[in-house]
Amino acid sequence: MAKSPGIFVSFDGLKELKEKFKNIQTDAAKDVDAVLRTGADTIASKARQNLSGVTYNENDYQKPLEKLYAKTNNITDLKQRGIGVKVVSFLSYEVVANKPYAAYIEFGTGGAVRIPQGVEDYAIQFKKPNRLNISMKANPYLFPAFFEQKPIIIQDIKDILTL
């Protein structure tokens with residue numbers, strides 16, 4: 001279940017590492033925390049970049065409500081004010097797109113839904129009855145940034161822990 005009105009990504013696989021560092025703040029733990037914070041900041045920045053140049057053109061849509069949605073251009077608002085990093089705790093950060101429509105921009109709506117492999121279980125929570133029969137194309141921004149940065153973060157953590 002989403003913890004905000006929008007969508008978020010976090011690293012769930014760090015539970016074992018967090019247990020090792022639970023009550024100590026060693027230099028290595030502090031370095032790992034810095035990697036996670038920097039990674040979260042980078043994901044948020046890349047997510048905003050992924051929205052650059054993306055617009056909904058009302059002429060691409062036939063239905064009046066689709067045209068209205070395209071006119072409001074919520075992408076600009078999401079890019080400018082809706083993507084940030086939430087500090088959950090030591091070694092725990094979330095990159096949050098905190099607008100109620102964030103998931104619909106990421107995954108699309110109606111017949112235009114596109115779910116990246118590996119996030120199907122997460123994305124299903126945003127599925128709603130499409131009573132108005134609106135199909136808006138997906139403009140993935142958050143998960144591509146996450147999947148791009150994830151191996152870099154993992155390698156940086158491995159480098160710290162093998163010193």
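A: Buried denotes a relative accessible area under 20%, exposed denotes over 50%, and partly exposed lies in between (1.4 Å probe, protein chains only). By that scale Lys46 is partly exposed, at 22%. The model is predicted: local features need pLDDT of at least 70, side-chain atom pairs count only at pLDDT 80 or more, and totals for chains, interfaces and linings use all residues. Residues are numbered from 1 along each chain as its sequence is written, and side-chain values use heavy atoms, with hydrogens and water left out.

Q: How many salt bridges does the rule give?

A: A salt bridge places a side-chain nitrogen of Lys or Arg within 4 Å of a carboxyl oxygen of Asp or Glu. The count here is two. In one, Lys46 and Glu148 have their closest N and O atoms 2.7 Å apart. This pair links distant parts of the chain, 102 residues apart: Lys46 is in helix H2 and Glu148 in helix H7 (residues 142-161). Helices are DSSP runs (H or I, at least four residues), numbered from the N terminus. Glu148 is partly exposed, at 44%.

Q: Where do Asp41 and Arg37 lie?

A: Both belong to helix H2 (residues 27-51), four residues apart, about one turn of the helix. Asp41 is partly exposed at 34%, as is Arg37 at 31%.

Q: Which residues of H7 are buried?

A: Among them are Leu142, Phe143, Gln149 and Ile160.

Notes:
Helix = DSSP H or I, 4+ residues; strand = E, 2+ residues; numbered from the N terminus.
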